[in-house]
Every structure is written in C-alpha cells, then in structure tokens.
Amino acid sequence: MPNSRNPKALIYAPAGRDAQVAASLTDEAGLSSIAVADLNLFASSLDDDVAVGVLTEEAVRGSDLTPVAAWVAAQPSWSDLPFIVLTQRGGGPEQNPAAARLSEVLGNVTFLERPFHATSFVSIARTALKGRLRQYEARTRLEALSEGERRLQTALAAGRLGAWELELSSMALTASATCKAVFGRGPDDDVTRDDLIASIHPDDRDFVLERLRQTIDTGRDYSLEHRTIWPDGSLHWTEVHAQLYADRYGSARKLVGVCSDTTARKTIEENLRRLNENLEERVRERTREVNAAHQTLLEEVAQRERAEEQLRQSQKMEAIGQLTGGVAHDFNNLLMVVLGNLELLGKYVAGDAKATRLVDGAVQGARRGAALTQRLLAFARQQDLQVKPVDLGDLVTGMNDLLRRSVGSSVSIETILPATLPPALVDANQLELALLNLAVNARDAMPAGGTLRISLRQERVAGKGGDLNEGNYLVLAVADSGTGMDAETLKKAVDPFFSTKELGKGTGLGLSMIHGLAVQLNGALLLTSELGVGTTAELWLPATEQRPEQANEAALPDSDTAPRLKILLVDDDALIAMSSVDMLEDLGHEVVEANSGLEALELIRNGQPFDLVITDYSMPGMTGAQLAEAARDILPALPIVLATGYADLPAGTDIDLPRLAKPYNQAQLAKEISKAVAAEAAPVPRSGSGAGASGSRLAKADDRCDEIGDGACVV
C-alpha cells in the first residue's frame with residue numbers, strides 16, 4: 001500500500017538545473033522527490049507510491065514513450081496519476097502540436113509554460129497532491145467494501161444459507177441461487193413471494209403468514225421453521241430468519257433474511273424420536289442402519305470431494321491452455337519479426353560464408369520455434385477437426401525431439417515406421433497432441449525408466465468390426481514397459497475424470513479426449529494392459545489413397561516482371577509492421593503503414609489509391625476482418641490479405657479472404673500478393689473506364705502490355 005503520509009514526486013528533467021529546481025519546488029509543495037537520469041528509468045520507477053510525475057517537454061520530445069504509456073494504461077480503476085510537463089510553448093495544440101501527443105500518452109497532465117513563477121509550480125503540485133491523496137482514500141474505501149462483500153459471501157457459503165429480500169411496498173422478492181434451491185427451484189427460475197407462500201405446506205401456511213404480519217407490524221425478528229413442498233412433490237423442511245429494515249426516518253422498507261434446508265436434520269430428529277419410542281426392541285437394528293447410512297454418507301462425501309478436486313484440476317488445465325494460447329500467439333508474432341529480418345539480413349551478407357551460415361542457423365532455430373508455437377496454439381484452442389491425408393511416419397519422425405524432451409532421459413524411445421504405408425485421414429495437430437499425451441502417460445507409468453515403443457502397421461477390417469467400419473486402417477501403437485493396469489482399472493481407463501494418479505498430477509481427461517478424437521476420425525482407441533508388464537494403446541485410424549499435400553517453398557517473383565504496387569500495411573505491432581514494410585519495399589513495392597484499423601480506414605476513405613491491403617487480424621478496436629468488411633463497402637474490388645497466427649478465426653467471423661499465416665517469409669508474402677492481385681485483376685477495367693483505386697496500378701500494367709505487344713509484357 002502506498003505511504004500517503006510521505007508522498008513523493010518522480011522527476012525527469014536532465015537538462016541543466018531543471019531537476020534541482022523541480023526538486024526544490026516539489027519539496028516546498030510538501031512532496032519528497034526522486035530525480036532520474038533517463039526516460040526508461042523514469043518508466044520503471046513509476047508505481048502507486050508516486051503522487052505526481054514531473055517532465056520537461058524537450059527531454060521527451062521524439063522519445064519512445066511506450067513504457068510510460070503502458071504503465072499509465074495499466075493503472076487500477078482508482079488511480080489517475082497526475083503529471084506536470086514544463087514546456088517552452090504552452091500546452092495548446094495550436095501553439096504546441098507535440099502537447100497533444102503527451103496529453104494522449106499521460107492522460108492526467110498539466111502543462112506549465114516557461115518562464116513561470118515558483119508559486120505557480122507549487123500551486124499546481126499541491127493541487128496534484130490533493131487529487132492523488134483523494135485517489136488513495138478512494139482505493140481504501142473500495143478495498144474495504146470489497147473485503148466486506150467477500151466476508152459476507154464467504155459466511156453465507158460456509159453456512160449454506162440462501163439470502164433474500166422482500167420489498168414491502170411492492171412485495172417484490174429478490175432471492176439468491178441458494179435460496180431458490182432451498183425451495184426446490186433452479187438458479188435461473190423466476191420466483192415471487194406468492195410462489196414461495198404457495199409452496200409452504202397447507203398446515204403451516206397460516207402460521208407463517210401470521211408471523212410475517214407480526215414482524216412487519218412490530219419489528220419483531222422473524223424466525224421460524226416450516227415444511228415446504230417442492231415442485232416435484234417432495235417434502236422438505238425450511239428454516240427462515242429475517243429482520244425488518246427501516247429507512248432513516250424509521251419507516252419499514254423491506255425484510256432482509258436468510259434461509260436454509262434443514263430436511264436432513266429434521267429427518268435425523270424424526271428417526272431418533274422413532275428409535276426412542278421402541279428403544280429396547282429396535283436399538284440394535286437402528287444402530288446398524290445409522291452406521292450404514294453414515295458410512296454411505298462418508299463415501300459419498302469422499303467421492304464428491306475427489307470429483308470436485310478433479311474438476312478444479314481440469315479448470316486449472318483449461319486456464320493453462322488459455323494462457324499458453326496467448327503466450328504462443330505473442331511469441332508467434334515475435335518469430336515473425338525475427339524471421340523477416342533474418343531473411344532480409346541474409347541478402348546483405350550473401351557474400352560472407354560465415355555470416356550466411358550464422359543467419360541460416362538462426363533461421364532454422366526460429367522456424368523450429370514457429371513449429372512449436374503452432375503446436376501450442378493447437379493445444380490451447382478448441383477447433384473443428386481439419387481432416388487431411390497425413391503421412392503418419394513423417395508425423396512421428398517430426399515429433400521425435402519433442403517426445404524425447406517430454407519423456408526424459410530415463411526413458412528410451414524405439415520406433416518401427418515402415419516406409420510403404422498409405423496416408424491416414426486425420427487432423428495432424430490433434431493427432432500430435434494425442435501422441436504426446438500417450439507418451440507422457442507411458443512415462444508416468446515408468447517412474448524408474450524403461451522403453452517406449454512407437455510403431456505403425458496397416459490392418460484390414462472385413463465387415464462390421466465392432467466400433468470400426470469395413471476398410472483399411474493404420475494402427476499407431478504406443479507401448480510402454482511400465483506398471484500396467486488390472487482388468488478393473490482398464491475398464492475405467494477412458495472414463496472422464498478417472499485417474500490412478502495422485503490429486504494434482506492428472507485430470508483423468510487425457511485418454512477420454514484421445515478416445516473422443518479417435519471416434520471423431522471414424523476410428524477407435526484400443527487399450528491392452530497387464531500388471532507388471534506394461535500397457536499398449538492403439539489408435540486405429542482410417543487409411544486413404546489420397547496423397548498428403550506437399551508444402552512447396554514459394555519462390556520470390558522476378559523483380560523485373562513483378563508489378564510494382566502501392567500497398568497499405570495494417571498492423572498494431574510496431575516491430576511486425578517494420579519487418580513487413582522492409583520485406584515489401586525489398587520486393588519493390590511502395591508501402592503505406594497504418595497502426596490500427598481505424599487509421600487504415602481513414603486513409604482509404606480519403607481516396608488514397610491502393611492496389612492491395614495486407615492487414616493483421618488481431619488488433620484492438622477493430623479487427624482485420626472488420627476492417628476488410630468496411631473497406632469492401634467503400635472499394636468492393638480492393639484486394640485484401642488477412643495475416644493471422646491462428647489456424648481458424650474465432651466463431652462468428654464470416655469473411656472469405658486470402659490468409660497469410662504468421663510467421664511468413666518474403667517468398668510466402670510475395671506469393672500471397674500475386675494470388676490476391678491476380679484474383680482481383682481480371683475484372684478490372686482498362687484506364688478510362690472507371691476503374692477504382694484498387695485497380696490503378698493493374699490497369700496501368702495492362703496498358704503497358706498493350707503498348708509492347710507480341711505476347712511480351714514487362715510491368
């Protein structure tokens with residue numbers, strides 16, 4: 001918590017005696033001061049303890065304010081740190097256009113034009129200090145309110161109490177989900193006062209209504225227990241406590257109370273009463289029944305606790321998956337920058353063998369990182385299966401390094417991968433995850449080390465083979481030499497949340513997810529195991545005569561024949577934008593850069609002629625898909641390429657655009673540009689026929705081809 005009794009000012013004024021003067025004046029305003037020597041140190045020193053920031057405009061003019069802007073944007077809701085900027089030209093945009101940039105970055109900023117009187121600075125600093133102290137007070141009050149609410153909710157949850165309020169003027173009832181459950185209703189059911197009164201047992205209803213009237217008339221606490229009939233006809237006992245709430249004038253406004261289901265307690269009391277009636281005859285029998293019921297209850301409670309713990313672990317894994325997806329996406333963008341710059345750098349060092357070798361090594365490492373991020377993105381996202389012909393031998397071979405790192409040095413991996421097997425119809429990303437999951441399970445079954453054997457074979461199923469249709473199948477088998485499973489455990493192995501691992505070391509969802517994947521692929525998961533011998537998991541996957549798609553490396557177009565285009569590049573990440581602009585300009589194109597969808601849309605609306613738009617998908621404010629729809633409303637024929645690191649766009653994104661998968665190299669970039677331009681070029685009219693901006697350069701290129709003639713064209 002910031003020490004509001006000793007507020008401080010953070011000063012960045014590196015020129016002359018500015019820092020000393022500012023420190024002296026802030027001391028006079030009642031603030032201790034800290035002066036820093038550079039802007040990065042200023043940004044890293046910002047925290048909730050700072051009451052005011054002091055800057056000189058000339059010190060930050062032209063500097064990168066991104067770290068400061070990031071800290072300002074990340075302030076909690078109660079915080080709005082004031083800044084004082086000392087300027088030579090005032091703070092108005094007419095006199096000082098740079099002030100608008102500082103205002104946007106700093107937010108709560110006061111400009112003080114030089115020369116100024118010391119009292120002016122002290123007055124502004126004291127005003128800023130007062131505002132900051134009020135922010136500290138607001139934070140303290142918010143924390144107190146939040147703490148009180150948490151304590152109340154914890155107390156209600158601990159006591160399994162349902163909360164309710166009854167407005168006396170309108171008899172409108174507000175009930176919590178627990179309260180509704182006490183009366184046999186669901187959390188989303190609309191429940192009124194009349195509904196609850198009608199649910200009271202007829203023999204208890206008059207008594208309850210009388211006590212309710214007494215409480216409203218006299219203010220006496222409402223406390224009673226009555227029987228309730230649930231909508232399904234079952235009888236329950238309900239205990240209700242309430243107090244009358246009056247306004248400051250003493251007028252009764254509403255009843256506020258809690259309720260709980262006491263059926264279990266009443267049932268026990270009734271059983272005890274019956275036991276006491278015939279204690280001598282039935283004591284032994286009833287004791288056995290109570291003990292049996294108690295044991296059953298304990299077992300159910302223990303089972304419920306295990307299920308809840310498994311559910312919490314599953315939620316942890318889901319959260320980890322979401323976090324992994326976010327980190328992998330950001331890392332994918334960083335790899336985009338690395339690969340793009342390395343590719344351009346490779347052109348400049350083409351004559352240097354050692355430098356070329358180093359650049360090639362860095363490119364290979366970055367591409368391996370890109371492959372890893374694609375696996376992480378597939379792990380983190382729930383997406384439809386993308387079923388394609390896949391060479392399973394190549395898939396297993398490509399995962400060799402990842403599998404060895406995952407199982408550790410104590411487990412040796414053996415592979416049997418015949419080279420003549422046909423492809424299988426699978427989703428490669430999902431199958432990689434399934435294989436990795438099986439390998440990790442095998443590792444856990446071999447705590448002292450052992451052998452993991454991965455093999456492929458082809459099988460033919462004639463007729464109806466149980467869960468498998470007739471046809472050819474590829475069998476991907478993962479066998480370990482671990483502890484194995486007995487018959488009873490094997491039966492439950494693919495059940496959701498079933499696990500033989502300790503709590504916190506497994507969700508019990510791995511095999512069930514692999515089983516579901518196999519079924520989706522029209523295959524099956526077969527498990528065989530023996531205690532002390534090991535376990536074999538076989539994925540039966542349908543074979544196909546189709547051939548896998550070949551990933552052809554795109555070649556750069558001939559610089560003498562490729563059209564020179566005016567391209568609008570849109571990306572909110574400055575590093576990616578810089579790398580992509582360099583690659584495009586290296587290809588000979590003229591590039592205009594925009595850092596947001598709104599900025600790009602404004603350029604298009606202003607009538608700038610663009611031959612192509614390349615836009616990132618994931619941008620704040622306006623996504624690339626939204627930008628494309630808005631741009632097509634203005635220029636329907638404008639070619640647009642969407643750059644994204646995800647295999648699938650989020651649900652609800654209904655737009656058909658060429659995709660440029662991140663990270664991409666210069667050749668892939670050139671290829672997508674050619675495809676996008678070619679797709680739109682055919683219907684573009686010749687010059688003079690009303691062609692839009694998006695066809696300006698293409699139309700000129702056509703005219704030049706006409707001029708040269710004889711089947712030759714140089715654009």
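My entries follow, on a helix pair and then on a strand with its neighbours.

**Before starting.** I noted that this is a predicted model.

**Entry: the helix pair.** I looked up helix α14, residues 400-407, and helix α15, residues 428-444. Their axes come within 9 Å and cross at roughly 30°. Angles under 35 degrees count as roughly parallel, and α14 and α15 are therefore roughly parallel to each other. I also checked the hand of the crossing of α14 and α15, and it is right-handed.

**Entry: who touches whom.** Which residues of α14 meet α15? I found L402, L403, S406 and V407 on the α14 side. On the α15 side I listed L435, L436, A439, V440 and R443. Sorted by class, this contact has 7 nonpolar, 1 polar and 1 charged residues.

**Entry: the two faces of β6.** Next I turned to strand β6, residues 162-167. G162, W164 and L166 make up its covered face, while A163, E165 and E167 lie on the uncovered one. I jotted down a reminder that side chains in a regular strand alternate between the two faces of the sheet.

**Entry: partners of β6.** How many bridges join β6 to strand β10? I counted 6, with β6 and β10 (residues 252-261) running antiparallel. A163 has V258 as its bridge partner in β10. Strand β7, residues 173-175, is also antiparallel to β6 and is joined to it by 3 bridges. There, L166 stands opposite L173.

**Entry: the turn.** β6 and β7 form a hairpin, with 5 residues between them. In that turn I marked M171, whose phi is positive at about 55°.

How values were computed
Residues are numbered from 1 along each chain as its sequence is written. This is a predicted model: local features need pLDDT of at least 70, side-chain atom pairs count only at pLDDT 80 or more; totals for chains, interfaces and linings use all residues. Side-chain values use heavy atoms; hydrogens and water are left out. Axes are lines fitted to C-alpha atoms, for helices over the stretch in contact, and angles run from 0 to 180 degrees between N-to-C directions. Helices (H or I, at least four residues) and strands (E, at least two) are DSSP runs, numbered from the N terminus. Angles under 35 degrees count as roughly parallel, over 145 as roughly antiparallel, 65 to 115 as roughly perpendicular and the rest as oblique. A crossing is left-handed if the near helix is turned anticlockwise from the far one by less than a right angle, and right-handed if clockwise. Contact means heavy atoms within 4.5 Å. Ala, Val, Leu, Ile, Met, Phe, Trp, Tyr, Cys and Pro count as nonpolar, Asp, Glu, Lys and Arg as charged, and the others, Gly among them, as polar. Buried means under 20% relative accessible area, exposed over 50%, partly exposed in between (1.4 Å probe, protein chains only). Two strands pair if DSSP finds at least two bridges between them.
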